[in-house]
Amino acid sequence: MSKNNGISRIDEDIANNALSGAYLLYGEETYLLRQYKNKIINALFPEKDTMNCSYFSEEDADEGKIIDLAETMPFFAEKRLIVVTGSGFFKKGSEKLSEYLKEIPDYLVIIFCEKEVDKRTAIYKTASKNAVCVEFTTPTDDVLVKWIIKRIKDESKKISKDALNIFMEKCGQDMEKINTELEKLIMYCYESDDITIEDVNEICSETQSEHVFLMLEAMVKKDREKAIELYLELLENKKEKPIGILARITWQLKVLWQIKQMSISHVSSADMARQMGYSPYMIRKNESLARRFSADILYDQLSFSIELEEGVKSGKLSENVIVEMMIDKCCK
């Protein structure tokens, strides 16, 4: 079942008081996934029910215990609810649950919440036929912008286009972070109807991606000292690992490479934003950095960054040296 059909099915089941069977919610967008998990729970039991609601997590997800509990009739209620989070069953497989999902009792609602699934497993194939399956992927910038504007409008506030672009750049596409930063921003602007650029810059925290962008700026200027300073801040203050920081550098260089190639082909900034799925502000910001690279140097640095990643994965390079090697390469 496709993502949109799955979400529509959940909404319809809730609206029609027809929640039943199994629901598999999975994917990298944890905020939306959690929202829909809670919608199902609250629709079944608006008030906390400790007798008929059971929760399993990665540590205690035992297929035998889950099935035994699923076979227990609800106590003075129409439904029994079981929520299983991070079990790994849909990645490593579960023969017992795979068979059980083929014929679920009418009184049972079971929700599986997983970050990753392996669609080759028998349990996933069974779920795709017998359960409501929804993959929650990172939304596009257009979807996020509409969602943010609606949230702000619901609070009887407005945000300027430039302020919105800067907010998007600071928060990235992580809906969890966007939601947290929006709540802070709306609270900060409680006395004003308008959210300004100054408000966004004052209240919204800098993302790791923005930090990496500043590192690249320093590297372009051959300011090794500044680049190392920013790198150490990522390590110490933001608790990033070297391999994670290098991955962000590689991603940033890929973005710059795409923009560089499109610029050579005379693609407009607006068309770049549409084709790449990023905000116009983000494109304009990266265009200014891409202009400082020649196509050959940008390609060379991107290739070197990828080589460093492969060197760590193959065990040929220590993770502790790769970012400094990248900085040295760019600053030469």
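In which sense do strand S1 (residues 21-26) and S4 pair, and over how many bridges?

Guide: S1 and S4 pair in the parallel sense, over six bridges. Some ground rules come next. This is a predicted model, in which local features need pLDDT of at least 70 and side-chain atom pairs count only at pLDDT 80 or more, while totals for chains, interfaces and linings use all residues. Residues are numbered from 1 along each chain as its sequence is written, and side-chain values use heavy atoms, with hydrogens and water left out. Helices (H or I, at least four residues) and strands (E, at least two) are DSSP runs, numbered from the N terminus. Two strands pair if DSSP finds at least two bridges between them.

Gly21 stands opposite Val109 in S4.

The partner S3 comes next. Strand S3 (residues 80-85) also runs parallel to S4, and six bridges join the two. Here Thr85 stands opposite Cys113 in S4.

Angles here run from 0 to 180 degrees between N-to-C directions, and axes are lines fitted to C-alpha atoms, for helices over the stretch in contact. In general, strands of a sheet pair through backbone hydrogen bonds, either parallel or antiparallel.

How enclosed is S4? Seven of the seven residues of S4 (residues 108-114) are buried, so the strand is largely enclosed by the rest of the structure. Buried means under 20% relative accessible area, exposed means over 50%, and partly exposed lies in between (1.4 Å probe, protein chains only). Leu108, Ile110, Phe112 and Glu114 point one way from S4. Val109, Ile111 and Cys113 point the other way. Both sets are buried.

A helix covers part of this sheet.

Next, a helix pair. The axes of helix H7 (residues 141-154) and helix H8 (residues 161-171) come within 11 Å and cross at roughly 115°. The crossing is right-handed; a crossing is left-handed if the near helix is turned anticlockwise from the far one by less than a right angle, and right-handed if clockwise. Asp141, Leu144, Val145, Ile148 and Ile149 in H7 meet Leu164, Phe167 and Met168 in H8. Contact means heavy atoms within 4.5 Å. By class, this contact of H7 with H8 has seven nonpolar, no polar and one charged residues. Nonpolar covers Ala, Val, Leu, Ile, Met, Phe, Trp, Tyr, Cys and Pro; charged covers Asp, Glu, Lys and Arg; the others, Gly among them, count as polar.

After H8 comes Gly172, whose phi is positive, near 70°.

Last, the nonpolar cores. A nonpolar core is a set of buried Ala, Val, Leu, Ile, Met, Phe, Trp, Tyr and Cys residues joined through side-chain atoms within 4.5 Å. The largest has 38 residues, of which Met215, Met219, Val323, Met326 and Ile327 touch the most other members. Helices supplying at least two residues each include helix H11 (208-220), helix H13 (242-264) and helix H17 (322-331). H13 gives the most to this core, with eight residues. Apart from it lies another core, of 26 residues, among them Phe89, Ile104, Tyr107 and Tyr124.

H13 also packs on H17. Their axes come within 8 Å and cross at roughly 35°. Pro242, Ile243, Ile245, Leu246, Ile249 and Leu253 in H13 meet Ile322, Val323 and Met326 in H17. By class, that contact has nine nonpolar, no polar and no charged residues. In soluble globular proteins, nonpolar side chains tend to be buried together.
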